[in-house]
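Here's a quick tour of how this one packs together. Have the sequence and the structure open as you read.

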Amino acid sequence: MQNIQSQSYTKPRTKTFDLVITSILAALVFVATMFINIKLPFGQGGLIHLGTSMLLIASILFGPKKGALAGAIGMGLFDMVGGWLIWAPITIISRALQGAIVGKIAWSKGHRGDNIGLNILAAVVSMPVMIAVYYIGQAIMLNNWISPMLSIPGDIIQNVVGLIIAIPVCIVMKKTPYFKKNF
């Protein structure tokens, strides 16, 4: 009888825990985007921010689903409250795809974000997808396929900075007792 009761409580608690972790990750992406950003003087007014590094960290440490949700919610919310509302749909799509790709690759072949080479590959593979979604979205918004090219260097810088920050943070985090025990 006790075994049946403990099984019935385990699953809801796990779902609740997943929801809490995903919410915290989305909040961290939002805060890293909102409060630590530099407006670029070129392109269509893009930003260099630490939200990309938090998205990569979330995806590498917690997998594709949580990474996709954290990126889409955190950066989408930033666009909604930070004066970039028109960009929110594009951001939600591009960052969900980026988080899913990073998490899927980092968690492939039996790894769980614990292979530095796969983590770097994951981030690098996700970059052209993120850039392409923003480029296409901007081209449609502006009805112009040339001027969105001015934003590509900023997108590349943002992703490279995110990668440079995320990989060492993930290496350190994977050595903590929480990740050694749970992942």
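F62 comes out as buried in this predicted model, because its relative accessibility is 14%, below the 20% cut-off. F62 also turns up among the residues that touch the most other members of the largest nonpolar core, and its ring pairs edge-to-face with that of F179.

**Around F62 and F179**
- The F62 and F179 ring centres sit 5.4 Å apart with the planes at 65°, so this is an edge-to-face pair.
- F62 belongs to helix 2 and F179 to helix 7 (residues 177–182), so the pair links distant parts of the chain, 117 residues apart.

- W87 is in the loop between helix 3 and helix 4, while Y134 is in helix 5, so the pair ties together parts 47 residues apart in sequence.
- Both partners are buried: W87 has 15% relative accessibility, and Y134 has a relative accessible area of 13%.

**Nonpolar cores**
- The largest nonpolar core has 27 residues, and L25, L56, I57, I60, L61, F62 and L163 touch the most other members.
- Helix 1 (2–35), helix 2 (51–62), helix 3 (64–81), helix 4 (88–106), helix 5 (116–142) and helix 6 (152–173) each put in at least two residues.
- Helix 2 gives the largest share of this core, with 8 residues.
- A second, separate core has 10 residues, F30, W84, I131 and V133 among them.
- Leaving out residues up to four places away in sequence, L25 touches A58, F62, K66 and A70.

**Helix 3**
- Helix 3 has 18 residues, which at 1.5 Å a residue should span 26 Å, and its end C-alpha atoms are 25 Å apart, so the two values agree.
- Which residues of helix 3 are buried? They are K66, G67, A68, A70, G71, A72, G74, M75, G76, F78 and D79.
- Just past the end of helix 3, G83 adopts a positive phi of about 90°.

Key. Residues are numbered from 1 along each chain as its sequence is written. This is a predicted model: local features need pLDDT of at least 70, side-chain atom pairs count only at pLDDT 80 or more; totals for chains, interfaces and linings use all residues. Side-chain values use heavy atoms; hydrogens and water are left out. A nonpolar core is a set of buried Ala, Val, Leu, Ile, Met, Phe, Trp, Tyr and Cys residues joined through side-chain atoms within 4.5 Å. Buried means under 20% relative accessible area, exposed over 50%, partly exposed in between (1.4 Å probe, protein chains only). Helices (H or I, at least four residues) and strands (E, at least two) are DSSP runs, numbered from the N terminus. Contact means heavy atoms within 4.5 Å. Rings of Phe, Tyr and Trp (its six-membered ring) pair if their centres lie within 6.5 Å; planes under 30 degrees apart count as stacked, over 60 as edge-to-face and the rest as tilted. The expected span of a helix is 1.5 Å times one less than its number of residues.
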